[in-house]
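Thanks for coming. I have one model to go through today, so let me put it on the screen.

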Amino acid sequence: MHRRIEDYALIGDEQTAALVGRDGSVDWLCLPRFDSAACFAALLGDDRHGNWRLAPKGAGDCTRRAYRPDTLVLDTEWDTPEGSVRVTDLMPQREGAPDLVRIVEGLSGRVTMRGLLGLRFDYGLVVPWMRRADGHHVAVAGPDAVALRSEPTVRTWGKDFRTHTEFTVAEGEKVAFVLTWYPSHQPRPPLCDPYEALATSVEEWQAWSARCRYDGPHRDIVMRSLLTLKALTYAPTGGIVAAPTTSLPEELGGVRNWDYRYCWLRDSTLTFGALLSAGYHEEAEAWRDWLLRAAAGDPADLQIMYGLSGERRLTEYEIPWLPGFAHSSPVRVGNNAVKQLQLDVYGEVIDSLSLARSSGLPVKPHMWRVQVALMQFLRTAWRQPDEGIWEVRGPRRHFVYSKVMAWVAADRAVRALEADPRLDGDLAVWRGMRDEVHQEVCERGYDAERNTFTQSYGSRELDASLLLIPRVGFLPPDDPRVVGTIDAIRDELGHSGFLRRYSVGETDFDSEQGGVDGLPGSEGTFLACSFWLAEALHLTGRTREARELFERLVALANDVGLLAEEYDPLAGRQLGNFPQAFSHIGLVNTALVLFGGKRTE
């Protein structure tokens with residue numbers, strides 16, 4: 001049986017990340033960046049597509065594993081008849097080349113370890129040429145080179161285009177491995193001291209965690225979520241990727257497999273609020289600056305996502321040689337949704353920049369000019385149909401959430417002018433737009449018969465994004481239309497106590513008919529939406545129910561506190577790319593609302 005998504009743990013260096021399985025196998029790693037081609041791609045195939053396993057000889061899954069407290073350093077332990085052993089995995093913060101460090105330590109008895117390294121560049125396609133040089137094993141293919149060394153040197157041999165290792169550790173003995181990537185046309189980088197890297201990594205991660213202002217219930221899982229969001233940040237630019245993986249399926253065996261290794265404005269703006277609320281102003285400021293660079297240019301060209309450095313072309317293509325996770329194909333690289341019109345992002349960007357100003361972040365001279373330019377575009381563009389928050393690949397519609405966020409954009413712009421009349425802007429026009437959008441949404445996006453807002457004008461479908469209506473201030477939480485919408489969404493989109501984001505298919509949860517999103521098949525319950533429901537319940541005075549739902553959601557995290565995008569309640573499995581920023585943002589923001597105060601608008 002194929003491994004489960006939740007069987008993996010994350011390590012990373014804020015420029016890329018690796019997934020490590022319970023069996024000690026690194027099955028996913030893209031070098032040198034999150035969006036680079038993978039050199040370990042067994043996650044989306046099998047051992048033939050590249051991995052690095054390090055475990056006791058003949059052993060299967062580990063006995064236990066855990067992160068060192070408040071770090072991204074992973075300890076995996078096995079108890080065997082011969083003794084116990086620990087493998088510590090980390091990717092130290094880099095100054096130059098990326099390193100993957102694995103330290104084996106004997107805990108008791110004498111344990112024989114086996115290592116199997118199969119580098120496969122370009123998503124499992126290219127088998128490199130291996131050679132020995134100055135105590136290293138060096139793999140070269142095209143632009144990529146990887147050097148592997150151990151301290152001390154252990155028995156190693158090549159077979160079947162893989163590097164095999166076998167050695168024995170007694171109690172207290174250690175063997176360290178360092179895998180380093182570098183461009184093949186350049187000299188090998190300076191050596192990384194694995195033990196110094198371990199000590200420094202623990203110190204730096206724990207110092208970062210100590211800055212967290214949250215000290216309420218479930219602090220461990222909240223801190224783990226914040227660490228995950230930090231790990232998904234591309235440090236050189238401040239961009240935040242949605243996930244470190246591509247094509248982990250939303251339906252096992254299905255086609256809903258997408259590349260999430262890019263920076264979505266929507267996900268990132270919500271991360272921005274979580275970071276500010278938790279006390280991480282430096283990271284929030286770095287993302288704000290990334291946003292201003294990425295969004296520069298014609299407001300009509302604002303994209304829903306960008307590359308790590310603000311790249312705009314993210315051409316989507318399929319990789320036919322990878323069978324996909326649990327045979328879920330196709331495997332995709334790039335994302336064609338980059339071409340979509342999603343009007344809600346204008347509201348989310350303006351809301352974030354408004355929050356930046358009110359939170360006391362240093363003001364950039366051109367920050368207000370960006371907002372004015374976005375408003376000049378949106379004052380007419382808001383009337384258009386779009387693809388909506390969920391990136392549907394069906395026909396454009398007048399999605400209600402998109403209109404609500406257009407109202408948010410106008411509202412935040414009006415508030416800014418009212419607070420500081422020295423700012424440029426057309427206050428009367430923006431007030432008029434705010435009133436007009438509000439009136440139209442309440443007339444055309446509301447089903448009076450059912451007392452609920454709907455997914456799009458004239459439709460009967462519901463959408464979990466409408467749970468954010470009270471959060472963004474479009475209507476107060478005690479408005480009967482808000483309460484009715486929350487109840488209707490819980491009734492119609494609920495599944496085993498969690499929420500789908502919208503109706504998939506025409507009839508029921510398991511329908512294979514394409515629905516509003518223009519895709520066949522189904523998907524799991526959407527974790528971020530379920531967190532939104534908890535927050536909405538709390539805002540409408542149903543705090544006990546909200547906290548019960550939050551407890552159930554937190555329980556879905558795997559043994560090291562990580563969440564994917566979705567959850568299948570029937571199979572009891574996580575689905576979608578992993579770990580998913582959107583899910584962890586939902587966890588942090590909901591915890592702050594339920595236990596640590598509401599974020600400031």
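Helices (H or I, at least four residues) and strands (E, at least two) are DSSP runs, numbered from the N terminus. Two strands pair if DSSP finds at least two bridges between them.

Now the conditions. This is a predicted model, in which local features need pLDDT of at least 70 and side-chain atom pairs count only at pLDDT 80 or more, while totals for chains, interfaces and linings use all residues. Residues are numbered from 1 along each chain as its sequence is written, and side-chain values use heavy atoms, with hydrogens and water left out.

I start with β2 and β3. They form a hairpin with three residues between them, and in the turn Gly 24 has a positive phi of about 85°. Strand β2 covers residues 17-21 and runs antiparallel to β3, joined by three bridges. Within that pairing, Val 20 is opposite Val 26 of β3.

β3 has other partners. With strand β5, residues 51-56, β3 pairs in the antiparallel sense over two bridges; there the bridge partner of Ser 25 is Arg 53 in β5. With strand β4, residues 38-40, the pairing is also antiparallel, over two bridges, and Leu 29 stands opposite Phe 40 in β4.

Is β3 enclosed or open? Six of the six residues of β3 are buried, so the strand is largely enclosed by the rest of the structure. Buried here means under 20% relative accessible area, exposed means over 50%, and partly exposed is in between (1.4 Å probe, protein chains only).

Asp 27 is found in β3, residues 25-30, and is buried with a relative accessible area of 7%. What does the side chain of Asp 27 make a polar contact with? The partner is the side chain of Tyr 8, at 2.7 Å. A polar contact is a pair of N or O atoms within 3.5 Å; within protein, one must be able to donate a hydrogen and the other to accept it, and residues adjacent in sequence count only if both atoms are side-chain atoms. Setting aside residues up to four places away in sequence, Asp 27 touches several others, including Leu 19, Phe 40, Leu 43 and Asn 51. Contact means heavy atoms within 4.5 Å.

Next, β15. This strand, residues 174-183, is mostly covered, with nine of its 10 residues buried. Strand β9, residues 99-118, pairs with β15 in the antiparallel sense over seven bridges; Glu 105 has Lys 174 in β15 as its bridge partner.

β27, residues 566-568, is joined to β28 by three bridges, and the bridge partner of Glu 566 is Leu 575 in β28.

Two more single residues. Ser 402 sits in helix α8, residues 400-419, and counts as buried at 1% relative accessibility. The side chains of Ser 402 and Asp 386 are joined by a polar contact of 2.7 Å. Leaving aside neighbours within four places in sequence, Ser 402 is in contact with Leu 343, Asp 344, Asp 386 and Gly 388.

Pro 477 lies in the loop between α10 (469-472) and α11 (480-493). At 26% relative accessibility, Pro 477 counts as partly exposed. Residues in contact with Pro 477, not counting those up to four places away in sequence, are Pro 470, Val 482, Val 483, Leu 539 and Thr 540. The C-alpha atoms of Pro 477 and Gly 541 are separated by 8.6 Å, with the two residues 64 apart along the chain.

Last, which helix gives the largest share of the lining of the largest pocket? That is α2, residues 194-209, with five residues. A pocket, on a 1 Å grid over the protein atoms alone, is an open set of points where a 1.4 Å probe fits, with protein on both sides within 12 Å along at least five of seven lines; lining residues have an atom within 4 Å of a point. Of the 18 lining residues, the closest to the centre are Gln 93, Arg 94, Glu 95, Asp 99 and Cys 192.
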